[in-house]
Each structure stands twice: as structure tokens, then as C-alpha cells.
Amino acid sequence: MKSPRFPYARHHHGTPGRQTPALDCQNVSVRYPRADRPAVQNVTLKVETGSRIALIGANGAGKSTLLKAAAGLLPVCGGDIHVHGSPVGGCCHRVAFLAQRGELDWRFPMTVRKLVLTGRYVHLGWFSRASNDDHRIVDETLERLQIADLASRRIGELSGGQQQRTLLARAIAQEADMLLLDEPLNAVDAKTRSVVRAVLRSLSAAGKTIVVATHDTHDIEVEFDRVVHLSGGQCDGARRRLDEAREEAQEQQTRLERIP
Amino acid sequence: MSWISLHDWFARTWVGAPLQYSFMRSGFAAVVMVGITCAVLGCFVVLRRMAFIGDAIAHTALPGVVIAYLEGYNLFFGALAAGLLTALGIGWLSGREELREDTAIGVLFTGMFALGVLIISRARSFRDFSAMLFGDVLGVTRADLILMATILAIVLSVLALFFKELELTSVDPGYSAVIGLRADWLRNILLVLLALAVVTAIQAVGVILTSALLITPAAAASLMTGNLFRMMVVSALLAILSGIVGLYASFNYGVASGAAIVLTGTTLFAIAFGSRSIMNLKYRSFRAM
């Protein structure tokens with residue numbers, strides 16, 4: 001993949017080894033501006049490259065906040081987050097973030113196709129126009145999420161599920177190595193549910209790291225490698241989890257070694 | 001009919017008569033250029049819900065213009081300095097997060113406008129300054145026209161260069177932050193362009209009506225198309241139309257030019273709104289082009 005001539009942000013291209021976790025949170029605390037107490041407190045979480053993690057917990061448990069901090073949308077007020085071995089914002093082309101639907105201006109005059117195309121912008125940078133390759137990737141992604149027929153529709157005319165598939169299409173069109181998904185299955189129709197599940201499965205099979213914040217615990221054991229409980233902004237049983245994470249890391253390593 | 005008499009006949013029609021005067025020809029050139037500048041920028045103003053800030057920058061230009069006039073500086077630089085100061089001041093006040101942005105704007109712009117009125121009231125009679133408050137498009141000089149053309153060129157080229165980023169930060173500032181695109185820089189670029197556009201618009205329609213040039217054509221265009229680029233083209237065409245029709249009305253009926261231009265724009269908006277409503281009634285699921 002070619003890198004942009006005038007990138008939006010400076011990339012710190014370390015060459016992360018195989019052992020570098022995709023997401024590494026050490027004692028992370030995050031506070032919203034103007035809030036008294038942090039929404040996330042002392043969370044330590046290690047996500048191995050290629051794994052599927054579910055962050056679960058009630059509303060207000062800090063799932064979204066943690067994902068937003070990892071995506072660089074909120075500053076960390078304590079601890080460290082490393083993404084693919086770089087500090088947050090250091091390699092934003094490798095991280096795609098699916099925000100909740102309400103955080104976008106759906107009344108804006110824009111087509112579905114154009115919105116998905118914005119997922120390519122991080123690879124274009126300033127002053128560059130989308131190439132044929134970019135357009136091809138967008139078309140393929142639209143097919144994949146079964147919204148090719150909506151491509152020229154205005155984003156304001158979409159149903160909730162179609163909006164969600166459009167946003168996921170943009171995240172996928174970015175061709176990131178890690179996807180941070182905030183409630184991807186919240187209040188969507190059955191078709192979207194099955195399409196999204198299938199797409200996530202195939203992304204995972206392609207070696208992408210997937211972190212999903214959800215309060216939907218249905219099917220959770222089958223879909224994810226590991227489940228992390230958050231409550232009141234803290235990891236439940238952080239100590240136990242840390243040990244588990246270590247074990248898992250070792251297990252992962254042996255698994256990786258077994259792959260020829 | 002010979003060529004000369006054809007020309008004479010044209011000069012007597014209501015279309016040709018105003019064009020015999022050089023001040024009218026400059027006036028037409030001015031309203032077209034100012035119209036395009038404001039209408040194109042206005043699309044972002046409307047879509048990003050910055051209408052209030054556009055109005056504020058126009059109003060706060062008043063003390064700048066007045067001080068420049070009294071001290072014998074170029075009015076353009078007075079207006080530009082005041083406009084930029086406001087844009088940055090609003091950013092600074094609301095960035096401290098103790099005040100909401102619209103509150104910061106409300107406090108700053110009424111204060112600045114009152115300062116302008118205060119200085120006028122001490123200086124001379126209000127009459128000298130009516131051109132600033134209500135515009136004087138028929139008094140534009142050659143230098144003004146060159147300035148308007150320059151600002152038009154600057155605005156169009158900056159918008160062309162940053163179009164995809166401006167579009168993305170308008171529709172989804174959150175996502176642009178994720179990919180490392182600084183939405184606040186683009187907002188500042190937009191504010192500077194806005195200050196430039198407002199300076200030219202003051203000449204055409206005055207401080208009080210300037211925000212109409214920014215908002216009305218863009219608002220009408222937003223009802224007619226579902227694509228940002230096309231919206232900008234339609235908005236510019238509507239602005240040109242209302243500028244020309246407004247000036248003709250002003251010439252033929254002897255009414256204030258700024259008000260005539262703005263009211264023509266308002267009428268076009270009303271037509272767009274009315275036809276959109278009828279279409280919505282006719283086809284329940286009417287889809288914009």
C-alpha cells in the first residue's frame with residue numbers, strides 16, 4: 001500500500017515484531033473534558049494481533065470511552081495506550097474506528113458511496129484524489145456489505161441498519177489491521193445483524209484484530225476469543241484477567257509458532 | 001435597422017438602460033463576484049451550522065471599518081482585522097470550555113457592534129456611515145473590483161485545494177480526528193475565508209445584510225440537490241441571479257440596492273422551498289437528485 005505524499009498526521013513507523021500486541025493498554029484512565037471523575041480508571045488490557053475481543057458491560061461502564069481513547073478521540077489522563085507498538089495517533093491508517101451512528105451528520109448532502117470513499121482518505125492525504133484502486137476497493141466493500149444498490153442514495157435516506165452497514169463499509173475500506181467497533185449490532189435489523197457477523201468472521205479469518213464493545217451477549221462465546229468485562233470504568237477482576245491475558249499471550253505465541 | 005439604431009434601441013430598454021452607466025456596470029461586476037464568493041462559502045456555513053458566526057463576523061467588522069475610516073486607513077484592512085480578531089476571539093473564548101460557542105459569539109459580536117456605533121456617534125452624524133451599514137454597491141471603485149476579484153480567486157482556490165477535507169470534517173468530525181485530520185485547522189481556514197468574503201460583502205449589501213448573501217442562496221440550493229459540489233454551483237447561480245435582478249430593480253424603481261438584492265434572494269428561496277414542499281406532497285418518498 002502506497003503511503004500518502006502529504007499525510008494528515010505524522011506516522012511513527014516502528015516495525016512492530018510479531019509479538020507486539022495490536023492494542024496495549026497499561027493502567028489507562030480517561031476523563032471526558034469537564035467531567036469530575038474519569039470514565040475509565042486503571043484499565044490494563046492487552047489485545048494480541050489477530051484476536052477477537054469483546055468488551056462487555058452495562059451502559060456507562062466505559063466501553064466506548066476506552067475505544068475512543070484507543071482511536072485517539074479522547075486524551076488519556078493516566079497510563080499508556082500503544083497501538084501496534086506506537087503511541088495513539090502514531091499509525092492511524094492501521095486502526096479503523098466504528099463510532100455509534102449518532103455521531104455523524106446524516107443530513108449532510110452526501111451519497112453512501114462518497115461516505116465509504118472517505119475511508120480511503122487516510123491513505124490519500126492532502127491534495128490527492130482517489131485513484132481507480134480506491135474506487136475499486138469501495139465498490140468491493142459495498143458489495144461485501146450488500147449495500148451496492150444503495151451506493152447513489154443520500155445518506156439521510158438510510159434506515160438504521162443500512163447506516164450501520166455504510167459506516168462499517170467505510171471502516172473496512174480503510175483496510176486497517178485493527179478494527180475498533182462501538183456497538184456494531186445496536187438496534188439494527190436481522191439482515192444487518194447477519195451481514196455484519198459474516199463480515200466480521202471473514203475479517204478475522206483474514207488476520208485482522210477486532211475489538212467490539214457490546215452489551216449484546218448473545219452468541220458471545222462462539223464469536224470471540226476473549227471477553228473482557230468492564231464495570232464502573234474498571235476491568236472486573238483486573239488481576240485475574242491480567243494472568244489470564246499472560247497465559248493467553250503464551251498460548252497465542254505457541255499457536256503462532258505452530259503456523260507454518 | 002442599422003447596427004447603430006439597434007444599439008440605441010437596446011439602450012432604451014429596461015435591460016440595456018442601466019448598462020449605459022459605468023457605475024452600473026461596476027455594480028453588476030461587483031454583485032456577481034461578491035455573490036459567487038459568499039454563495040460558495042455559504043454552503044459550508046449552512047451545512048456546518050455556522051450561520052450565527054457568519055453574521056457575527058459581518059457585524060464585528062463595523063468598528064474596524066469605522067476606525068479605519070476615521071484614521072484614514074484602507075477600509076478593507078480595517079474590516080479584515082476586525083473580522084479575523086472576532087474569528088480568533090470566538091475560538092479562544094469557546095475553546096476554554098467554560099462557555100458554549102454560541103454564547104461566546106453572542107457576547108462578542110454585540111459588544112463589537114456597539115463599539116462601532118459608539119465611535120460613529122462620537123465622530124459625526126450617522127449619515128456618513130450609512131454606506132457601511134447598508135452597503136453602496138454603486139459606489140465601488142476600480143480598486144474595489146480588483147480586490148473582489150482577488151478574494152474570489154483566493155476563496156475558490158482554497159476551497160478546491162481542501163475540498164475533500166472540508167467535506168469530511170463537516171459531515172463527520174469524529175472520523176477525521178481518528179485518521180489524524182485536524183478539524184480545527186480546517187475550521188480556522190474556513191473562518192479566515194469567511195472574514196475575507198464578509199469584507200467584500202459589506203461593500204455590496206452592508207454590515208447588517210451580509211449574512212443574507214452567505215446563507216440565503218446556499219439554503220435554497222440545499223433544497224435542490226443532494227451533492228455538495230452541485231449545491232455550491234446552484235448556490236452561486238442563485239446568487240448571481242439575485243444580484244442582477246436586485247440591481248435592475250434598484251435602478252428601475254429607485255430602491256436601495258442591498259435590500260433589493262437580498263429580497264430577490266429571499267424570493268428565490270421561497271420558490272425553492274415551496275416547490276420542494278409540493279414535490280414532497282406529490283411523491284411521498286421524493287428523492288433529491
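**View 1. Strand S6 of chain A and its partner strand S7, in a predicted model.** Phe97(A) stands opposite Leu180(A), a residue of S7(A), in this structure, which is a predicted model. The two strands, S6(A) with residues 95-98 and S7(A) with residues 178-182, run parallel and are joined by 4 bridges. Along S6(A), Val95(A) and Phe97(A) point one way while Ala96(A) and Leu98(A) point the other way, and all of these residues are buried. In a regular strand the side chains alternate between the two faces of the sheet.

**View 2. Helix H3 of chain B, with a kink at Leu62(B).** Helix H3(B), made up of residues 51-71, has 21 residues and spans 31 Å from its first C-alpha to its last, which is close to the 30 Å expected at 1.5 Å a residue. At Leu62(B), shortly before the proline Pro63(B), the helix has a kink of about 25°. H3(B) is mostly covered, as 15 of its 21 residues are buried, and the residue that follows the helix is Gly72(B), whose phi is positive, near 80°.

**View 3. The contact between chain A and chain B.** Chain B gives 23 residues to this contact, and chain A gives 23 residues as well. On the side of chain B that touches chain A, the elements that give two or more residues are helix H8 (163-171), helix H9 (173-178) and helix H11 (228-253) of chain B. Sorted by class, that side of chain B has 12 nonpolar residues, together with 7 polar and 4 charged ones.

Note on methods:
Residues are numbered from 1 along each chain as its sequence is written. Chains are lettered from A and ligands numbered from 1 in the order in which they are written. This is a predicted model: local features need pLDDT of at least 70, side-chain atom pairs count only at pLDDT 80 or more; totals for chains, interfaces and linings use all residues. A residue is buried if 20 or more other C-beta atoms lie within 10 Å of its own, exposed if 12 or fewer, and partly exposed in between; C-beta atoms are placed from the backbone. Two strands pair if DSSP finds at least two bridges between them. Two residues are in contact if their C-beta atoms, placed from the backbone, lie within 7 Å. Ala, Val, Leu, Ile, Met, Phe, Trp, Tyr, Cys and Pro count as nonpolar, Asp, Glu, Lys and Arg as charged, and the others, Gly among them, as polar. The expected span of a helix is 1.5 Å times one less than its number of residues. The bend at a residue is the angle between axes fitted to the seven residues ending there and the seven starting there.
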